[in-house]
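Hello,

Here is the structure for your files. My notes on the ligand site and the nonpolar cores follow it.

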Amino acid sequence: MSTDPSADKGPDLAQGVAAESLADGAMLSGHVGDDAVLLARRGDEFFAIGAECTHYHGPLADGLMVGDTVRCPWHHACFSLRTGEALRAPALAPVDCWTTERREGKVIVLGKAASPQATRAASPAAAPQKIVIVGGGAAGFAAAEMLRRLRYAGSLVMLSDDDAPPVDRPNLSKDSLAGSAPEDWLPLRADDFYTEQAIDLRLKTRVVGLDTRARELELGDGSKLAYDRLLLATGAEPVRLDIPGIDLPHVHSLRTLADCRAIIARAATARRAVVMGASFIGLEVAASLRTRGIEVHVVAPDKRPMERVLGPALGDFVRRLHEEHGVVFHLDDTASAIDAQQVTLHGGARIAADLVVVGVGVRPRLALAEQAGLAIDRGVTVDAYLETSAPGVFAAGDIARWPDPHSGAAIRVEHWVVAQRQGQTAARNMLGHRERFNAVPFFWSQHYDVQINYVGHAESWDEIAIDGDIAGRDCTLRYQRGGRVLALASIYRDAESLMAEAAMEREVAPAGTGEP
Ligand SMILES: Cc1cc2nc3c(=O)[nH]c(=O)nc-3n(C[C@H](O)[C@H](O)[C@H](O)COP(=O)(O)OP(=O)(O)OC[C@H]3O[C@@H](n4cnc5c(N)ncnc54)[C@H](O)[C@@H]3O)c2cc1C
Ligand code: FES
């Protein structure tokens, strides 16, 4: 996903545009020299910031202005129009910010302004001395990055039992696996980031014990590590099927960079793959393997793919989409055994396969929290500030069950953006900010050229109101209970998805500007 470099660059904003040509609340994409610049108007104020999102170059001019922020149309990152700061994940890096001037009826974009980081005050002296993060994934990385962004100057240790530094995990089942993205896209930051930011990232380091009274962790080598504030962000791990053949070398699951590399290595010679599970990850894997020209069979117990989350109509669409790309479904069935040549199903079918990917769901990694005696309820129970039952210990990401003000229920989700945003909120709260986590849940899933965006959270509904044409890939589906919209899924309707998110935010914080 990138903008076409040959596309019209829009007006030269250094020459200025008529102020009256930009209505209140409107945005315009133009350029200053070679830089793509977004000009936005709010009342009598004009803002100019970089026009491309720093996540995957989404065109901000196609996004939504909310107060003095702009939301990216693709995965809902949020930038400050005043400073360019990436206020909400998935974007973590700021866009440039430019100064503007009004002269003779025109608004003119002048030079670049100072970065938000350069003008930020240091975190207070009362900040904790030692912060430890367990987990080098979405939540852990976003927390560490935010702590340093907030100019937290104390000791910061990030422990991960993975052997790779934090990576863009969603990409592992998409462009990376399809072979359309080089591996250097994957790290969330280059290695020297951790040294420069004084983040003591310790890979291949497993945490085996937590003593919340002593405020101390025990590491796999028996050593101890003290903390003043702790963030648990241990994520989830793939569910393991207990069937004969599951340990064969051509059978894989997908969570880590190492898993992705192993599947790619096997895919180089594989001709027929069986994907077990018609979940988001399973079907993204199916799409990526089809892009590599491999024959793909999907085996799943469901009647329709993704029906439990997206409902029957979108489930049928997803099935047809994959079938159009040559995927063969074996639904309402499960595997009973795997051998070197084939997968046998309970229904009796035998499917030849020299590659098997198991994507039957994940379970949160709760062992540490359980051992420490933290309150657990199908996840680590946290309060609105993401603090666990042990003072000073926070939890974020796939393990955290938090009181979601939108659904009114305590929920746990497995979404990249939610994990990152929780990491960011936890970082602020570890520094004493007392920020409630009230972001609207958001996820996206990519299948070939179709991206499904989903805002809100609906575990059940009594009606799905469909607007537009699902087969024509131009639709929104509203998941409603008692007439209230709990969630909205959309295809190629980014503006509506953003507006629904903003409306859900207003229900909880009517006076908010969009700034967290
Ligand atoms: C292939 C794939 C594709 C995905 N695509 C999407 C998508 O398109 N959209 C979306 O919204 N979501 C997607 N997700 C889900 C998303 O990646 C997760 O929700 C997110 O990564 C959760 O972040 P986290 O920080 O909670 O956990 P993780 O990112 O899993 O990180 C957990 C970290 O904790 C470490 N750890 C765990 N236990 C210990 C321990 N005891 N000691 C030391 N370290 C430990 C792990 O090594 C890891 O570094 C995808 C997931 C996968 C696997
Ligand atoms: S491209 Fe902007 S949020 Fe992903």
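In these notes Ala, Val, Leu, Ile, Met, Phe, Trp, Tyr, Cys and Pro count as nonpolar, Asp, Glu, Lys and Arg as charged, and the others, Gly among them, as polar. On that scheme the shell around ligand 1 has 13 nonpolar, ten polar and ten charged residues.

This is a predicted model, in which local features need pLDDT of at least 70, side-chain atom pairs count only at pLDDT 80 or more, and totals for chains, interfaces and linings use all residues. Residues are numbered from 1 along each chain as its sequence is written, chains are lettered from A and ligands numbered from 1 in the order in which they are written, and side-chain values use heavy atoms, with hydrogens and water left out.

Ligand 1 is surrounded by 33 residues (a heavy atom within 4 Å); the closest are A139, D161, K174, R255 and D398. Oxygen atoms of ligand 1 lie 2.8 Å from a backbone N or O atom of A139, 3.1 Å from a side-chain N or O atom of S160 and 3.0 Å from a polar backbone atom of W444. Of the 1000 Å² of accessible area that ligand 1 has on its own, the protein covers 95% (Shrake-Rupley method, 1.4 Å probe).

The largest nonpolar core has 70 residues, and L147, L217, L230, L231 and L232 have the most contacts inside it. A core here is a set of buried Ala, Val, Leu, Ile, Met, Phe, Trp, Tyr and Cys residues joined through side-chain atoms within 4.5 Å, buried being under 20% relative accessible area (1.4 Å probe, protein chains only). A second, separate core of 50 residues includes A164, I294, L310 and L331.

Regards

Terms used
A polar contact is a pair of N or O atoms within 3.5 Å; within protein, one must be able to donate a hydrogen and the other to accept it, and residues adjacent in sequence count only if both atoms are side-chain atoms.
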